[in-house]
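Subject: Structure for you to look at

Dear colleague,

I am passing on the structure we spoke about, and below it you will find my notes on what came out of going through it. Please read them with the model open beside you.

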Amino acid sequence: MSSFSPAQSRDIKHQMHPYTNDVAHKTIGPRIIERGEGIYVYDDQGNKFLEAMAGLWSVAVGFGEPRLVEAATRQLQKLPYYHTFTHKSHSPSIELAEKLVDYTQGRMSRVFFTNSGSEANDTVVKMVWYYNNALGRTQKKKIISRKRGYHGVTVASASMTGLVGNHRDFDLPLPQMKHTSCPHFYREGQPGESEVDFASRMEAELEAMIIQEGPETVAAFIGEPVMGAGGVIVPPDTYWGKIQAVCRKYDLLIIADEVITGFGRLGKRFGSDVYGIEPDIMVLSKQITSSYQPLAAVMLNDDVASVISEHSGRLGSFGHGYTASGHPVATAVAIENLNIIQERKLVENAATTGAIMQAALRELAGHPLVGEVRGLGLIAAVELVADKESRRPFDPLGKAGAAVYGRAHENGLIVRAIQDTIAFCPPLIITPEQVSDMVARFAKTLDEVQKSLQ
Ligand code: PLP
């Protein structure tokens, strides 16, 4: 007899889940999350969890924010849907586009809306190709991303993503996408190498790749200011300045994928501000609506926007767009969400409470299971190792991460296990007291897992 609830049985029978082992799902079953409030979510069994991942790195203002519900309701009543194709528009998309341009302090000048980060990055790839065709540089099409970078799962986005699991048996990556090394000093640094030297090696490797491919064939470099889904990788000192210089030298567009880092996650408005990145194209999503509505934005600087604009004039149309591009309800929710981020000074909170979170997690650095603690602002990761001294990973990889992930639920905590790296990315509204509670629950979990692994 099945011990599943009727809802679990129906889920297993009919729903195929993203990023899920479907065979295991049939025996494990889903945990059904029913409601959320602040930094907490509740399942249908009445269990309460501190959501230390803000859903999927995204619920900035917390769960159950009435102002977003009201903004969505108002817009649903007034104009629930209209498109933005063929010279149509509506006020929420106009207002949000203007607000986003202002938010970048004029560094970006135009916005193209999509529904998801993946679609936004696919849009970016098409825009980069279109841009170079418009300039008559028909060979300049390759895009360099990084191993362990994450840019989504649609065909072009997944190709830029540097994770094997997103390529294997999907016949990806596309041949135009190349992957340079992951700038993870703890794992990729060589004995005796300083962080700055490591960054120089990453720079030299990128330059060698561009030269080997032929600079006339390489169009762009894409990166997350701090890598998220690949394991929360904070770049080594001087890295972005060096990478940017190589890109400029060979006339590559710089694409900042700020889907996680945008809107304050690192304690400044954008990750680009933290690292002095001057992107030609910026991609935003997730915290743009606190994920209350699906929405992403591709932001273009004046140069890229003008070239694409003029080319659409020559061809008669920019032949790309989604039924829900700039969706009125999604853009209305985004406007209110960004107002809340501003009024409640959540970017500032990410800096101050983020520093408290970073310090509290670093206090766990001496724990026998902990290899590295890393992060910035309100995003962090704790990498677990089988042996601290040699940094030897667990065998099989992911064994300890899975144990922590499961055990954390018993302690009322939702984290993310990226193999054996445990990620934290709580809502931007988190308080210092809640950070202490979160870290205490995690420390308890680590102790319990350590005992179970002995
Ligand atoms: N880019 C980055 C940096 C992301 O973290 C993600 C999602 O986690 C994406 C793109 C893809 O976004 P989506 O899942 O909305 O397609």
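This is a predicted model: local features need pLDDT of at least 70, side-chain atom pairs count only at pLDDT 80 or more; totals for chains, interfaces and linings use all residues.

I begin with D251, which is placed in the loop between α10 (239-249) and β8 (253-257); helices here are DSSP runs of H or I with at least four residues, strands are runs of E with at least two, and both are numbered from the N terminus. Although D251 is not a glycine, its phi is positive, at about 60°.

Residues are numbered from 1 along each chain as its sequence is written.

Y19, in the loop between α1 (6-14) and α2 (22-28), also has a positive phi without being a glycine, here near 45°. Y19 is exposed, with 9 other C-beta atoms within 10 Å. There are cis peptide bonds as well: one runs from L172 to P173, with omega near 10°, and P173 sits in the loop between α7 (155-160) and β6 (177-180). Another joins D395 and P396 with omega about 0°, and P396 belongs to the loop between β12 and α15. For context, most residues other than glycine have a negative phi, and most peptide bonds are trans.

On the overall layout, the domain assignment, which is automatic or taken from a database, gives domain 1 (31-64 + 345-453) and domain 2 (68-343). Their C-alpha centres lie 26 Å apart, and the contact between them takes 24 residues from domain 1 and 22 residues from domain 2, two residues being in contact if their C-beta atoms, placed from the backbone, lie within 7 Å. On the domain 1 side, α14 supplies the largest share, five residues, and that side divides into 16 nonpolar, six polar and two charged residues. In this division Ala, Val, Leu, Ile, Met, Phe, Trp, Tyr, Cys and Pro are nonpolar, Asp, Glu, Lys and Arg are charged, and the others, Gly among them, are polar.

Four strands form an open, antiparallel sheet in the order β11-β12-β15-β14, with strands taken as paired if DSSP finds at least two bridges between them. β11 and β14 (416-418) stand at the edges with a single partner strand each, so one side of each has no neighbour in the sheet. The pairing of β14 with β15 runs over three bridges, and R416 has A423 in β15 as its bridge partner.

I356 is part of helix α14 and is partly exposed, with 17 C-beta neighbours inside 10 Å. Apart from neighbours within four places in sequence, I356 is in contact with P432 and V435.

Finally, 15 residues surround the ligand, the closest being S116, G117, S118, G152 and V259, where a residue counts as near if its C-beta atom, placed from the backbone, lies within 6 Å. Helix α6 (residues 117-134) gives the most to this shell, three residues, and the shell divides into five nonpolar, eight polar and two charged residues.

Best regards

Definitions and conventions:
A residue is buried if 20 or more other C-beta atoms lie within 10 Å of its own, exposed if 12 or fewer, and partly exposed in between; C-beta atoms are placed from the backbone.
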